[in-house]
Amino acid sequence: SPAISWSMVSGAASYDVWINYLSTGQNPAILTNVSATSFTSSNPMGIGKYRVWVRAKTAAGVLSSWSAPKDFQISTAAVLDSFPNAFYDSIPLTWAALPGAAKYDLWVNNLTTGQTQVVRQSALTTNSFQPANLPLGKYVAWVRGIDAANVLATCSSSQQFTVAPRVDLTSPSTPGFNTQPTYQWQALPGATKYQVFVQNQSTNAIVLNQSGVTATSLPQSTALPVGNYSWWVRGSNNSNSTMNFPTS
């Protein structure tokens, strides 16, 4: 809501303010009378281009000519919502609705690989987007509004986040008699190594905690006592982005 001001006119008791919203063609978008030599809209004005005129009015209602027009643009920055430190499953990127925005431009870079525009959506009509299948790594995002005349507003501040998808385990997945199983899992996009963690469910003892595994399988090197076990795998990359173990 910018402050629009003008010089005082001798004998004027008030002023008419006429504002057109050039981006949408709304004419007038604002038409009001004020007693001061400035006007600020009480409601947020949407992003886009505007044109304003002012004329003086005496107490008796005599009107002056309209001023020369003055164009201005509002390019308010969008505001990204706060992201969690890491996304483990879905990756919903959201931001506050921006008045006057007909669509949004979302830009995401992969900081781990240096790749730019791993996500680029330049015509989003909602204030959210869920990228699919981003590999393990660190990312940075920006968003900006676009008005009805396709004019870009200011970019939001950047926000960083980590994508840490869970590793899909394949074997062992059912009870068996093999006391030295081979742990197997699917390759995690973006991961360069893995950590394997095995815990005895009865004693809570950690029986295996092997890091730096570069394959997608690891044989149990010593025989396990008969019992029930839980196991996890997490991936990491060369920048040490990791997928956290679940808490339960």
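**Terms and values**

Author: Apart from neighbours within four places in sequence, Asn 85 has contacts with Phe 161 and Thr 162, where contact means heavy atoms within 4.5 Å. This is a predicted model, in which local features need pLDDT of at least 70 and side-chain atom pairs count only at pLDDT 80 or more, while totals for chains, interfaces and linings use all residues. Residues are numbered from 1 along each chain as its sequence is written, and side-chain values use heavy atoms, with hydrogens and water left out.

Reader: Why is Asn 85 called exposed?

Author: Buried means under 20% relative accessible area, exposed over 50%, and partly exposed in between, with a 1.4 Å probe and protein chains only. Asn 85 has 73% relative accessibility, so Asn 85 counts as exposed. Asn 85 sits in the loop between S6 and strand S7 (86-87); strands are DSSP runs of E with at least two residues, and helices are runs of H or I with at least four, numbered from the N terminus.

Reader: What makes the pair of Trp 18 and Trp 66 edge-to-face?

Author: The structure holds 12 aromatic pairs. Rings of Phe, Tyr and Trp (its six-membered ring) pair if their centres lie within 6.5 Å; planes under 30 degrees apart count as stacked, over 60 as edge-to-face and the rest as tilted. One of the pairs is Trp 6 with Tyr 15, edge-to-face at 5.6 Å centre to centre and 65 degrees between the planes. Both Trp 6 and Tyr 15 are buried. For Trp 18 and Trp 66 the centres are 6.0 Å apart and the planes stand at 85 degrees, so this pair is edge-to-face. The pair links distant parts of the chain, 48 residues apart: Trp 18 is in strand S2 (residues 14-21), and Trp 66 is in the loop between strand S5 (48-57) and strand S6 (70-74).

Reader: Why is Trp 18 called partly exposed?

Author: The relative accessibility of Trp 18 is 26%, so Trp 18 counts as partly exposed. Trp 66, with a relative accessible area of 31%, is partly exposed.

Reader: What makes the phi of Gln 117 worth a remark?

Author: Most residues other than glycine have a negative phi, and most peptide bonds are trans. Gln 117 is not a glycine, yet has a positive phi of about 55 degrees. Gln 117 lies in the loop between strand S9 (103-110) and strand S10 (119-124), and at 35% relative accessibility counts as partly exposed. Asn 133 also has a positive phi, near 60 degrees. Asn 133 is exposed, at 77% relative accessibility, and belongs to the loop between strand S11 (128-129) and strand S12 (137-146).

Reader: Which peptide bond is cis at Pro 28, and which at Pro 172?

Author: The bond joining Asn 27 and Pro 28 is cis, with omega about -5 degrees, and Pro 28 is in strand S3 (residues 26-34). From Ser 171 to Pro 172 the bond is cis with omega near 0 degrees.
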